[in-house]
Amino acid sequence: MRRLACFALCVGLLAGLRSPLVEASPTPVAELPARYLITGVELHVGNGSVLAKATLVVEGDRILEVGGPELAARYGDALAIDLSGKILTPGFIASDARIGLEEIGAESSTVDRSLGLDRPIRASYDPASAINASSSLIRVQAIEGVTSAAVAPTGGVLSGTVSFIDLVHGDHQGMVVARGVAIDGSMGQSYAGSHAATLDLLRRSLADARWYRANRRNHDRGQSRTLAAPPKDLEALFPVLDGKAPLTLDLHGAGEILAALELAAEFKVRLVIVGGTEAWRVAEAIAKAKVPVIVMPTENLPGDMDRLGARMDNAALLHRAGVEVVISELGEPHNLRNIKQQAGVAVANGLDPEAALSAITLNAAQAYGMDKDYGSLEKGKVANFVVWDHDPFELDSWAEQVFIRGRRVPMVSRQTLLRDRYMQRLELGK
Amino acid sequence: MRCVPPPRRRVVIWPAVLGLGALVASAACRPSGASQPPPDHDAPDTLVDQDEIAQAQLVRGLVPENDAPAIFFDDARILTAAGVTYERGDLLIARGKILAIGAELEAPADATRIDARGKTLTPGIIDTHSHMGVYASPGFRAHSDGNEMSGPVTAYARAADGYWPQDPQIDRARAGGITTIQVLPGSANLIGGRSVVVKLQPEARSVEDARFPGAPEGLKMACGENPKRVYGEKGGPVTRMGNVAGYRKAFQQAIEYREKMARAQQTEGEEESKGGGPSRDFALETLAKVLDGELLVHNHCYRADEMLLMLDLAEEFGFSIRSFHHAAEAYKIADRLAAANTAASVWADWWGFKAEAYDGIRENAAMLSAAGARAIIHSDSAVGIQRLNQEAAKAASSGRRAGLEISENEALRWITANAAWALGIDDLTGTLEVGKMADVVVWDRDLFSVYAKADQVYIDGRLVYDRQDAEQQPRTDFDLGHRDGDLSAPVAPPSESLPAATPSSSSAATAPKGDAQ
């Protein structure tokens, strides 16, 4: 068996830790063989379980196997990277994110997150082709442990379709893993002008989608009722009606959450609540409906009348009631990397640490129907994982090396290059 | 100049000395258990000598006394933000002031003793950049009182006049250890008006109830994109050229106004006999006070080149800029900021939301410190303000990761002493030193941990927040009725398996080593 001492491999493996003062292209990283082992780590699977002295076997872009030291013997001819004492977690998944659709928020020429048409139901808007693999935001998040994202458009009541991406900077061909994994929208007053009108519009859209599918020929012959949205937007809702893709709805007030649960039950639609500021007030109903909630734990301000009940232990209360909790950094896409701080804040407010890890990994993958391939360190899944020195949620804990699809992410971003340039110019840190 | 630690001994503080004489209770040398501070470019020498006692007595004269009870914090880890860390120290406060700090002090008989083992004590946290009260929650249109967007120069506007003390955000900030904030007008205008410094006093019914006694007001100025964007189609400025022309025009008018008023004063009798001197102009009076150094300039400015432009402009017109705010590119000119003695209030990691914020990096504050400049972590957010300790932690840790030596004391100064300096109140608060205001936070663990919470917060020696006692968690009027549900809601039990829950693991494994080195 070829075994690398940590010293040798750490030079390359941990290159991002103290990146050299280079201004050129990202630090070249030596290629790993197609098959390799990571051994000796404390492996947090993402599903709540933790394996001590674990071995992770990677082949190509997938996890071939996860187990104990015995795997090292079984794969004796493969490169084994001993990372004893380190922690391994799945890569974090950013839910309901706008990454790739927005470089500079205030510059509309760099923002592709919204369909520019003035109509409330835009379910067919698919921004996947606009997701910018060259965005500087990709590497900034990736080197701090975020390896995938569910990219959602914004605007209107139904904004469009969600794509699931891996944060592979520069991979214009293959960064988008799946399109149409969900239809995203917002309740509240949003576009329709009142909470009730929004709800009514959503109900009519789903009903009309159902009608349109059954009566398309009539519609094409001009024998149609007035539809809530153009046919292509209703067609985009077919996967939602079939339960193949969830409806991810931004909603906050307890009453509105109950109304959305009712609507979802009526049409047998899979619902995912985004934001869910007052979800804790109706946690039992949410748990009974088996609806996941994507929360941002730091949201505790009564920002509007739907959020009077905002509190930082929302995640803990939901988890205790049996709700599948997802944690995300909602809003600005530039700091999705702070997802781990959000998880830490949730833990500080009562959430179990492993549940918090699931909330930024496996639960996120499940909410978007991507858990067959993502979210945990289990056999057959995509090899997205992160090496940590200690508790990843802590504020002095930085990803030592990030792997996406089994490959090392060069631990360099536009930000580290700016830092290094000015550290050098100002002769700091010598 | 190393000070040999004296043998551990108990320093008796007689009940009688709780008044004037308590100063001498300070240990005569750096106490045992206190680690040697690293050479800190602006940390005051904390060795207690006669000069310092005299100085502290001077400060005592400035700090108003009140009827706050004597409280003795026993056996805490104390970070003074003045260069001293007591691994095991005691703190005595009474009458609104810090009366003694040291290792192995003896509690006076009439003091309430608080067992602070395992806790971390720091000065109250100070935020140089808040809009609480002028952009209150809920975000109603009616609550938008921070930007007087009636023209690009509104130097006459005062944040104090827009401040709503019932903003429910204030309670949440206090629970995060914040004791003092600067409330600023927004950044729509080139010159937005005067700021006001307030303490987060519970039950304040007016801004004056909360106003920081003796704090100078500030002048809010804004560079770059915001004024351009707001006024671009409303008569200008349209460009950065227009921005600078606007500042120059305003300050030139202020110089002329000041001269006119001075002449009028000289010839007062004469003018009076003629019937009336020049009329008072509140905008120009504000700017004249800036020229006189009575008001401190707080300049929203992101880009390095623009900050240097503003330093030149200030020099030309004879005023100084106390602090740049948001300063995303401050790290690029850290040396120049140090030379100008201008602080930079920055975020730990916000960036990219507009072009002038595109080059923001995590190491900004750390690089400023390393270059000898005065770094401050500010919030500009009613969410972020609740965890300024965490923001400082991220900024410090990223600096260390890049190879910069950032002590625990320095990181703490970013949200205490340096902020106090920027607000002109560093002789009153911002450090735990004898004679200063008793603004104190008791943290349940290392405050730089993501799991840290403020157990207790004291302002002017009075308990204003207690995490364990619902009676001591003040609520503004707005919350009444709206958030009563909280009281009956199931409260999530604290997690029992926190990685940093045990004192040994938190201090040994995860605490930054800064001051110990």
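Me: Which residues in helix 6 of chain B meet helix 9 of chain B?
Reply: This is a predicted model. On the helix 9 side of chain B, the contact uses B:Glu306, B:Leu309, B:Met310, B:Leu313, B:Glu316 and B:Phe317. Their partners in helix 6 of chain B are B:Arg240, B:Val244, B:Tyr247, B:Arg248, B:Phe251, B:Gln252 and B:Ile255.

Me: How many nonpolar residues does the contact of helix 6 of chain B with helix 9 of chain B have?
Reply: Sort the contact by class. One residue is polar and four are charged. The nonpolar residues number eight.

Me: Are helix 6 and helix 9 of chain B roughly parallel or roughly antiparallel to each other?
Reply: The axes of helix 6 (residues 240-266) and helix 9 (residues 304-317) of chain B come within 11 Å. They cross at roughly 20°. Angles under 35 degrees count as roughly parallel. Helix 6 and helix 9 of chain B are therefore roughly parallel.

Me: Is the crossing of helix 6 of chain B past helix 9 of chain B left-handed or right-handed?
Reply: Take the two helices as a pair. Helix 6 of chain B passes helix 9 of chain B in a crossing that is right-handed.

Me: Which strands are the edge strands of the open sheet in chain B?
Reply: The open sheet has three strands in the order 9-10-12, with mixed pairing. An edge strand pairs on one side only. In chain B these are strand 9 (125-130) and strand 12 (196-199).

Me: What is the bridge partner of B:Ile125 in strand 10 of chain B?
Reply: Strand 9 and strand 10 (residues 178-183) of chain B pair in the parallel sense, over four bridges. B:Ile125 has as its bridge partner B:Ile178.

Notes. Residues numbered from 1 in each chain as written. Chains lettered and ligands numbered in written order. Predicted model: local features only at pLDDT ≥ 70, side-chain atom pairs only at ≥ 80, totals over all residues. Heavy atoms only, no water. Axes fitted to C-alpha atoms, helices over the stretch in contact; angles between N-to-C directions. Parallel < 35°, antiparallel > 145°, perpendicular 65-115°, else oblique. Left-handed = near helix turned anticlockwise from the far one by under 90°. Contact = heavy atoms within 4.5 Å. Nonpolar A, V, L, I, M, F, W, Y, C, P; charged D, E, K, R; others polar. Pairing = 2+ DSSP bridges.
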